[in-house]
Amino acid sequence: MKYYFRLNQDNIIVDAITFPVEGYIEYETDYPLPAGINGGWYKWENGTYVECPELKPETELEQRIADLEAAIAAILGGAL
């Protein structure tokens with residue numbers, strides 16, 4: 001099956017879809033992609049994806065807290 005990945009400036013996969021779109025990288029495999037491939041903790045390296053556990057939030061709660069802190073800091077102008 002063919003998949004198409006969108007990468008950010010650090011080569012982190014931020015989107016994975018099954019149809020071609022300009023700006024996406026094509027990847028073909030006989031296997032399904034791992035769950036969470038577009039969650040921000042997989043990088044594109046040497047023509048394939050690589051999991052980077054250090055980028056993955058330890059828990060969903062920690063991720064939600066970090067997102068809320070970032071939003072509050074943005075509202076307060078970085079005062080947090």
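Predicted model: local features only at pLDDT ≥ 70, side-chain atom pairs only at ≥ 80, totals over all residues.

Tyr27 and Trp44 are both buried.

**Aromatic pairs**

- The structure contains 6 aromatic pairs.
- In the pair of Tyr27 and Trp44, the ring centres are 5.7 Å apart and the planes stand at 85°, so the pair is edge-to-face.
- This pair joins distant parts of the chain, since Tyr27 belongs to strand β3 and Trp44 to strand β4 (residues 42-45), 17 residues apart.
- Tyr27 also pairs with Tyr49: their ring centres are 5.6 Å apart and their planes are at 75°, so this pair is edge-to-face.
- Here too distant parts of the chain are linked, with Tyr27 in strand β3 and Tyr49 in strand β5 (residues 48-51), 22 residues apart.
- Tyr27 has a relative accessible area of 14%, and because buried means under 20%, Tyr27 is buried.
- Tyr49 has a relative accessible area of 24% and is therefore partly exposed.
- Ring pairs connect Phe5, Tyr27, Tyr42, Trp44 and Tyr49 into a cluster.

**Nonpolar core**

- The largest nonpolar core is made of 9 residues: Tyr3, Phe5, Ile13, Tyr27, Leu33, Ile37, Trp41, Tyr42 and Trp44.
- Strands β1 and β4 are the elements that give two or more residues to this core.
- Tyr42, one of the core residues, is in contact with several residues beyond its neighbours within four places in sequence, including Ile13, Ile37, Tyr49 and Val50.
- Asn11, Pro34 and Glu51 are also among these contacts of Tyr42.

**Salt bridge**

- Side chains of opposite charge can pair when their charged atoms come close.
- How many salt bridges does a search of the whole structure find? The search finds 1.
- The salt bridge is formed by Glu26 and Lys2, whose closest N and O atoms are 3.7 Å apart.
- Glu26 is partly exposed at 43% relative accessibility, and Lys2 is partly exposed at 36%.

**Loops**

- Asn11 sits in the loop between β1 and β2, and its phi is positive, near 65°, although Asn11 is a residue other than glycine.
- Asn11 counts as partly exposed, with 37% relative accessibility.
- Asn46 sits in the loop between β4 and β5. Its phi is also positive, at about 55°, and Asn46 is not a glycine.
- Is Asn46 buried or exposed? At 82% relative accessibility, Asn46 counts as exposed.
- Gly23 is located in the loop between β2 (13-17) and β3 (25-28), and at 66% relative accessibility Gly23 counts as exposed.
- Gly23 and Phe5 are 18 residues apart in sequence, while their C-alpha atoms are 8.7 Å apart in space.

**Surface patch**

- Which residues form a nonpolar patch on the surface? They are Leu68, Ile72, Ile75 and Leu76, which together have about 440 Å² of accessible area.
- Ile72 is placed in helix α1 (residues 60-75).
- Ile72 counts as partly exposed, at 39% relative accessibility.

Terms used:
Residues numbered from 1 in each chain as written. Heavy atoms only, no water. Patch = residues over 30% accessible without salt bridge, like charges linked within 9 Å, V, L, I, M, F, W, Y side chains within 5 Å. Areas by Shrake-Rupley, 256 points an atom, 1.4 Å probe, with all protein chains shown as cover. Salt bridge = Lys/Arg side-chain N within 4 Å of Asp/Glu carboxyl O. Helix = DSSP H or I, 4+ residues; strand = E, 2+ residues; numbered from the N terminus. Buried < 20%, exposed > 50% of the residue type's maximum accessible area, 1.4 Å probe, protein only. Phe/Tyr/Trp six-rings, centres within 6.5 Å; stacked < 30°, edge-to-face > 60°. Core = buried A, V, L, I, M, F, W, Y, C linked by side-chain atoms within 4.5 Å. Contact = heavy atoms within 4.5 Å.
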